[in-house]
Amino acid sequence: RQMCIRDRNRREDREAVRRVLHSSLIDRYGKLIPLVKYKKTKDIDEFNTPECVICMEVFENGADVRKIPSCRHIFHDDCLMKWLSGA
C-alpha cells in the first residue's frame, strides 16, 4: 500500500515537472515567434494566405498574428498558441 502511494506521488511529481517545462516552452515559443498586426499586403505572407489554417477564418486587418520566421506562414495569435500548447 505504501509503495502505491509512493508511486502515485512520483507520478504526480513527474507530471508537475512536465507542466512547468511545457509552460516554459510555450513562453519561449511566444518570444521566438513574432507577434505582428495583420495588414492585407503581399509582404506579410509569401504564400498570400488569406486565412488562418488552424481555424480557417479569414484574417482581418489589424488582427494579432504570429509569423513563423523560417517559413513566414502566419496564424492568429490565439490559434497558434493554443495549438502549440496542445489545448
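Of the 87 residues in this protein, buried ones make up 22%. Buried means under 20% relative accessible area, exposed means over 50%, and partly exposed lies in between, with a 1.4 Å probe and protein chains only.

Ground rules next. This is a predicted model, where local features need pLDDT of at least 70, side-chain atom pairs count only at pLDDT 80 or more, and totals for chains, interfaces and linings use all residues. Residues are numbered from 1 along each chain as its sequence is written, and side-chain values use heavy atoms, leaving out hydrogens and water.

Confidence. The mean pLDDT is 78, and 74% of residues reach 70 or more. pLDDT is the predictor's confidence in each residue, from 0 to 100. Among the elements, helix α1, residues 2-32, has the lowest mean, 68. Strand β3, residues 74-76, has the highest, 91. Where pLDDT is low, the predicted coordinates should not be read in detail.

Layout. We have 2 helices and 3 strands. The pattern along the sequence is α-β-β-β-α. Helices (H or I, at least four residues) and strands (E, at least two) are DSSP runs, numbered from the N terminus. Contacts next, meaning heavy atoms within 4.5 Å. Take those with a separation of 6 or more: residues 24 or more positions apart account for 55% of them.

Which residues make up the largest nonpolar core? There are 11: I33, Y38, C52, F59, A63, V65, I68, I74, F75, C79 and L80. The elements giving two or more residues to this core are β3 and α2, residues 77-85. A nonpolar core is a set of buried Ala, Val, Leu, Ile, Met, Phe, Trp, Tyr and Cys residues, joined through side-chain atoms within 4.5 Å.

A63 sits in the loop between β1 and β2. Why does A63 count as buried? Because its relative accessibility is 18%. Beyond its neighbours within four places in sequence, A63 touches V36, K37 and Y38. K37 is 26 residues from A63 in sequence, yet their C-alpha atoms are 5.5 Å apart.

On to α2. Its buried residues are D77, C79, L80 and M81. D77 is an aspartate in that helix. D77 counts as buried because its relative accessibility is 15%. Setting aside neighbours within four places, D77 is in contact with L35, D64, V65 and R66. After α2 comes G86, with a positive phi near 80°.

Two more backbone points. Most residues other than glycine have a negative phi. M56 has a positive phi, near 65°, and lies in the loop between β1 and β2. R72 also has a positive phi, near 70°, in the loop between β2 and β3. R72 is partly exposed, because its relative accessible area is 30%.

Last, the surface. The protein exposes about 6,800 Å², and carbon and sulfur atoms supply 54% of that. Areas come from the Shrake-Rupley method with a 1.4 Å probe; for residues, only the protein chains shown count as cover. V53, I54, M56 and W83 make a nonpolar patch of about 440 Å². Patch residues have over 30% relative accessible area and no salt bridge; like charges are joined within 9 Å, nonpolar side chains (Val, Leu, Ile, Met, Phe, Trp, Tyr) within 5 Å. A salt bridge is a side-chain nitrogen of Lys or Arg within 4 Å of a carboxyl oxygen of Asp or Glu. V53 is in the loop between β1, residues 35-37, and β2, residues 64-67. V53 is exposed, because its relative accessible area is 52%.
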